[in-house]
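Q: I have a new chain open on my screen. Can you walk me through it?

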Amino acid sequence: MKESLETLREEIRERIDHCGSGQEAEQLRVDYLGRKGKLTLLLRNLRELPAEERPQMGDQLNQLRRFFEERLENRLNEFKRREKER
């Protein structure tokens with residue numbers, strides 16, 4: 001699972017870096033944090049893990065969620081700044 005989280009982190013980084021508008025960035029938020037988003041589903045599935053693995057995996061997933069939110073927010077701010085410059 002740890003390898004899949006690293007793969008997901010790279011996917012997130014790449015998709016955010018390549019989104020070209022605020023609308024695309026908002027769609028990414030839905031894709032990862034929406035009701036059926038990738039990160040949301042992983043967090044929901046924590047209960048299926050053995051009890052001794054949950055805290056560590058939960059921590060890693062929360063770190064990944066924070067990474068996503070911060071990176072996406074930075075990208076949205078960049079789009080807003082560019083729009084103001086125009």
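Predicted model: local features only at pLDDT ≥ 70, side-chain atom pairs only at ≥ 80, totals over all residues.

Q: What pattern does the protein chain follow along the sequence?
A: The pattern reads α-α-α-α.

Q: What does the C-alpha trace span along its principal axes?
A: About 55 × 20 × 15 Å.

Q: And how much of the chain is buried?
A: Buried residues are 29% of the 86 residues in the protein chain. The exposed surface comes to about 6,100 Å². Carbon and sulfur atoms supply 46% of that area.

Q: What share of the contacts joins residues 24 or more positions apart?
A: That share is 63%, counting contacts in the protein chain with a separation of 6 or more.

Q: Let's go to α4. Which residues does helix α4 cover, and how far apart are its end C-alpha atoms?
A: Helix α4 runs over residues 54-85, which is 32 residues. Its end C-alpha atoms are 46 Å apart. At 1.5 Å a residue the helix should span 46 Å, so the two values agree.

Q: Which residues of α4 are buried?
A: Met-57, Gly-58, Gln-60, Leu-61, Leu-64, Phe-67, Phe-68, Leu-72, Arg-75, Leu-76 and Phe-79.

Q: Which residue does Arg-75 form a salt bridge with?
A: Glu-78 is a partner, with the closest N and O atoms 3.2 Å apart. Glu-78 is at 23% relative accessibility, so it counts as partly exposed.

Q: Which residues are linked with them in a network?
A: The salt-bridge network links Arg-75, Glu-78 and Arg-82.

Q: Remind me why such side chains pair?
A: Side chains of opposite charge can pair when their charged atoms come close.

Q: How many salt bridges does the structure hold?
A: There are 9 salt bridges in the structure. One of them joins the side chains of Arg-15 and Asp-31, at 3.1 Å from N to O. Arg-15 lies in helix α1 (residues 2-18) and Asp-31 in helix α2 (residues 22-33), so this pair ties together parts that are 16 residues apart in sequence.

Q: Are Arg-15 and Asp-31 buried, exposed or partly exposed?
A: Arg-15 has 33% relative accessibility, so it counts as partly exposed. Asp-31 is partly exposed too, with a relative accessible area of 26%.

Q: How far does α2 reach from its first C-alpha to its last?
A: α2 has 12 residues and reaches 16 Å. That is close to the 16 Å expected at 1.5 Å a residue.

Q: Which residues of α2 are buried, then?
A: Ala-25, Leu-28 and Tyr-32. They cover an arc of only 50° around the axis, so they sit on the same side of α2.

Q: New topic. Where is Thr-40?
A: Thr-40 is in helix α3, residues 38-44. Thr-40 is buried, with a relative accessible area of 15%.

Q: What lies 3.1 Å from a polar atom of the Thr-40 side chain?
A: The backbone oxygen of Leu-33. Leaving out residues up to four places away in sequence, Thr-40 touches Tyr-32, Leu-33, Gly-34 and Arg-35.

Q: And Leu-43, which helix is that in?
A: Leu-43 is found in helix α3. Its relative accessible area is 24%, so Leu-43 is partly exposed.

Q: Which residues is Leu-43 in contact with, beyond its sequence neighbours?
A: Setting aside neighbours within four places in sequence, Leu-43 is in contact with Leu-61, Asn-62 and Arg-65.

Methods: Residues numbered from 1 in each chain as written. Heavy atoms only, no water. Helix = DSSP H or I, 4+ residues; strand = E, 2+ residues; numbered from the N terminus. Expected span 1.5 Å × (residues − 1). Buried < 20%, exposed > 50% of the residue type's maximum accessible area, 1.4 Å probe, protein only. Salt bridge = Lys/Arg side-chain N within 4 Å of Asp/Glu carboxyl O. Arc of directions from axis to C-beta. Contact = heavy atoms within 4.5 Å. Areas by Shrake-Rupley, 256 points an atom, 1.4 Å probe, with all protein chains shown as cover. Polar contact = N/O pair within 3.5 Å; in protein donor to acceptor, adjacent residues only side chain to side chain.
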